[in-house]
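Please look over the sequence and the model shown here before reading on. The report after it goes from the chain as a whole to single residues.

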Amino acid sequence: MAQPIHRQEFEKQMEQEGRLPPGQSLTQKFPVLHYGSIHAFDPETWGFRIWGEVKEELRWSWEEFSQLPQSAITMDIHCVTQWSKFDTTWMGVSVKSLIDEGLVQPLPGATHVLQHAEGGYSTNLPLEIVLQDNFLLATHFEGDPLTPEHGFPVRGIVGQIPDKPELKTPYFWKGAKWLTGLEFLKEDQLGFWEKAGYHNEADIWKEQRTVK
């Protein structure tokens, strides 16, 4: 039986392969970090809303959201608090797929998306990144539904796909837990942590953690 790779050896391997961004350390756990309390989920009242710079405002119940086309991606995730977790597998709804299939129709002037979550939390991304293969409205992690502390029932997730280095990759906070909607915008609008001094672009390779 093959022996498991020691954490430090695995970290060195990831660094040699160019997968460990500067200032990051590998974790084999999944740290729980968020602002505020864990939010309860009621399938009878929960809804997901799409609005703003779109042809038609949409609202899906949990049952309707669960019937949307599903996608799966495996990628590395990198937290602004300097931990990285590799080869994580997520399943959920691809915004790009929703647009490709005509379910969501952004207006020509849409340039950014503000993710809205329970408790008034929000975070922003350029539409360009939301439409990349490394952004997902995730409902499952490693084959199981998200746990409450990791954002059940839906969280935005963004990470680095190892064989697609051309994709822009921000830190993990740029995907909101307990997600309830996407607002398409004509111009950028800062989210919760961005207003508090976190870097607006948050590029993992440039170590854009806070505004200096």
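This is a predicted model: local features need pLDDT of at least 70, side-chain atom pairs count only at pLDDT 80 or more; totals for chains, interfaces and linings use all residues.

## The chain as a whole

The secondary structure consists of five helices and eleven strands. The chain has a radius of gyration of 17 Å, close to the 17 Å that the globule rule gives for 212 residues, so it is as compact as a globular protein of that length. Along the principal axes, the C-alpha atoms fill a box of roughly 50 × 40 × 35 Å.

Of the 212 residues, 47% count as buried. Among contacts in the chain with a separation of 6 or more, 68% are between residues 24 or more positions apart.

## Surface and charge

The chain has an accessible surface of about 10900 Å². Carbon and sulfur atoms account for 50% of that surface.

There are 19 positive and 30 negative side chains in the chain. The centres of these two sets lie 5 Å apart.

## Backbone exceptions

Most residues other than glycine have a negative phi, and most peptide bonds are trans. The peptide bond from Phe152 to Pro153 is cis, and its omega is near 10°. Pro153 is located in the loop between β9 (144-145) and β10 (155-158).

Gln82 is not a glycine, yet its phi is positive, near 85°. This residue sits in the loop between β4 (71-78) and β5 (83-93). Ala202 also has a positive phi without being a glycine, with a value of about 60°. Ala202 belongs to the segment after α5.

## The loop between β4 and β5

Thr81 is in the loop between β4 and β5, and Gln82 is found in that loop too. With a relative accessible area of 45%, Thr81 is partly exposed.

The side chains of Thr81 and Trp83 are joined by a polar contact of 3.3 Å. Thr81 can also be placed relative to Trp193, which is 112 residues away along the chain. The C-alpha atoms of Thr81 and Trp193 are separated by 13 Å.

## Helix α5

Helix α5 covers residues 192-195 and includes Glu194. Phe192 is found in this helix as well. Glu194 has a relative accessible area of 5%, so it is buried, whereas Phe192, with 27%, is partly exposed.

What does Glu194 touch, leaving out residues up to four places away in sequence? Its partners are Ser122, Thr123, Asn124, Trp173, Lys174, His199 and Asn200. With Thr123, the side chain of Glu194 makes a side-chain polar contact of 2.9 Å. For Phe192, a distance to another part of the chain can be given: its C-alpha atom and that of Thr147 are separated by 23 Å, with the two residues 45 places apart along the chain.

Strand β2 spans residues 47-52 and contains Trp51. Trp51 counts as buried because its relative accessibility is 15%, and the cut-off for buried is under 20%. Apart from neighbours within four places in sequence, Trp51 is in contact with Glu57, His116, Gly181, Leu182, Glu183 and Phe184. The C-alpha atoms of Trp51 and Leu98 are separated by 14 Å, and the two residues are 47 residues apart along the chain.

His39 lies in the loop between β1 (25-26) and β2. A relative accessible area of 23% makes His39 partly exposed. Leaving aside neighbours within four places in sequence, the contacts of His39 are with Glu118, Gly119 and Trp178. His39 and Leu127 are 88 residues apart along the chain, and their C-alpha atoms are separated by 27 Å.

Notes:
Residues are numbered from 1 along each chain as its sequence is written. Side-chain values use heavy atoms; hydrogens and water are left out. Helices (H or I, at least four residues) and strands (E, at least two) are DSSP runs, numbered from the N terminus. Buried means under 20% relative accessible area, exposed over 50%, partly exposed in between (1.4 Å probe, protein chains only). A polar contact is a pair of N or O atoms within 3.5 Å; within protein, one must be able to donate a hydrogen and the other to accept it, and residues adjacent in sequence count only if both atoms are side-chain atoms. Contact means heavy atoms within 4.5 Å. The radius of gyration is taken over C-alpha atoms; the globule rule is 2.2 Å times the number of residues to the power 0.38. Accessible areas come from the Shrake-Rupley method with a 1.4 Å probe; for residues, only the protein chains shown count as cover. Lys and Arg count as positive and Asp and Glu as negative; His and the chain ends are not counted. The place of a charge is taken as NZ of Lys, CZ of Arg, CG of Asp or CD of Glu.
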